[in-house]
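Here is a walk through one model, from a pair of helices to the nonpolar cores. Keep the viewer open while reading.

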Amino acid sequence: MKLCILEADRPAEAFRPAHGTYAGMFERWLAPVLPEATFDNIFVAGGEALHDDPDFYDAYLVTGSRAGVYEDHDWIAPLEAFLRELRARNRPVAGVCFGHQIMAQAFGGKVEKSAAGWMLGRQEHALSPAGMEVFGSEPLAALSFHQDQITALPPGATRLLSNASSPNGGLEYADFPALSVQFHPEFQPGYVQELLNVYKGDRVPMDRAQSALVSLDGALDNDRVARGFAEFFRRNT
């Protein structure tokens, strides 16, 4: 299985020595449960061209980003068009955070800044019956770092998981193989801790950052989510 990670951003330079790139985070997260996969990456936000032949890779995964999907970056419209081409070719695609949102926008949904503000640190999510089929029946804990939300579902999308502040936290699609989540199963607490310590009181409100820092000691279900993503890729390639 050839899996291409479409990087919609890379961490700031200061974070890379300890944590690497987003493509690296995803490979470290998925490779142990998807050993048959080989990983490649395209830094779309950095100007790297999408492959001329979408069928060159068996599956795709779109990363998170500091950008908003509604912002006027010259790489966003081509990425949306590429996602629609993947859909037309029935090529499996998954997304996380920005990836979750850009998929929804490309397929007819709406993304906006949330009235609830920043979602930071460890968050618990309830699963719908469809979500239980993908991730199991127990509530799911994962790390979040976002203030944008999908506010209108695309046609054909089914909600997989939610909580009070993030009601559309995971989606799958009826007419082609696509799976996405709003949270960051590829993140480790140490990376989120560094982000919060840098951005608290500046990019993110101090009170939200402090609460999120306290939450980082809680158990996470990253491995469980990895198994759900791995089975999605395995089933559809």
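**Helix packing and cores**

In this predicted model, helices α6 and α7 pack with their axes 10 Å apart, at an angle of about 160 degrees. Angles over 145 degrees count as roughly antiparallel, so α6 is roughly antiparallel to α7. Their crossing is left-handed. On the α6 side, Q193, L196 and N197 make the contact. On the α7 side, A209, A212 and L213 make the contact.

Now look at α6 by itself. The helix covers residues 189–199. Its buried residues are Y191, V192, L195, L196 and Y199. Viewed down the axis of α6, these buried residues fall within an arc of 130 degrees, so they line one face of the helix. What lies over them? The cover includes the helices α1 (16–19), α2 (22–30) and α7 (206–215). It also includes the strands β6 (119–127) and β7 (140–146). After α6 comes G201, with a positive phi near 80 degrees.

Next, the nonpolar cores. The largest has 31 residues. Within it, L6, L79, L83, V93, F98 and Y173 touch the most other members. Leaving out residues up to four places away in sequence, L83 touches V62, V93, I102, M103, A106 and F107.

Notes: Residues are numbered from 1 along each chain as its sequence is written. This is a predicted model: local features need pLDDT of at least 70, side-chain atom pairs count only at pLDDT 80 or more; totals for chains, interfaces and linings use all residues. Side-chain values use heavy atoms; hydrogens and water are left out. A nonpolar core is a set of buried Ala, Val, Leu, Ile, Met, Phe, Trp, Tyr and Cys residues joined through side-chain atoms within 4.5 Å. Buried means under 20% relative accessible area, exposed over 50%, partly exposed in between (1.4 Å probe, protein chains only). Contact means heavy atoms within 4.5 Å. Helices (H or I, at least four residues) and strands (E, at least two) are DSSP runs, numbered from the N terminus. The arc is that of the directions from the helix axis to the C-beta atoms. Axes are lines fitted to C-alpha atoms, for helices over the stretch in contact, and angles run from 0 to 180 degrees between N-to-C directions. Angles under 35 degrees count as roughly parallel, over 145 as roughly antiparallel, 65 to 115 as roughly perpendicular and the rest as oblique. A crossing is left-handed if the near helix is turned anticlockwise from the far one by less than a right angle, and right-handed if clockwise.
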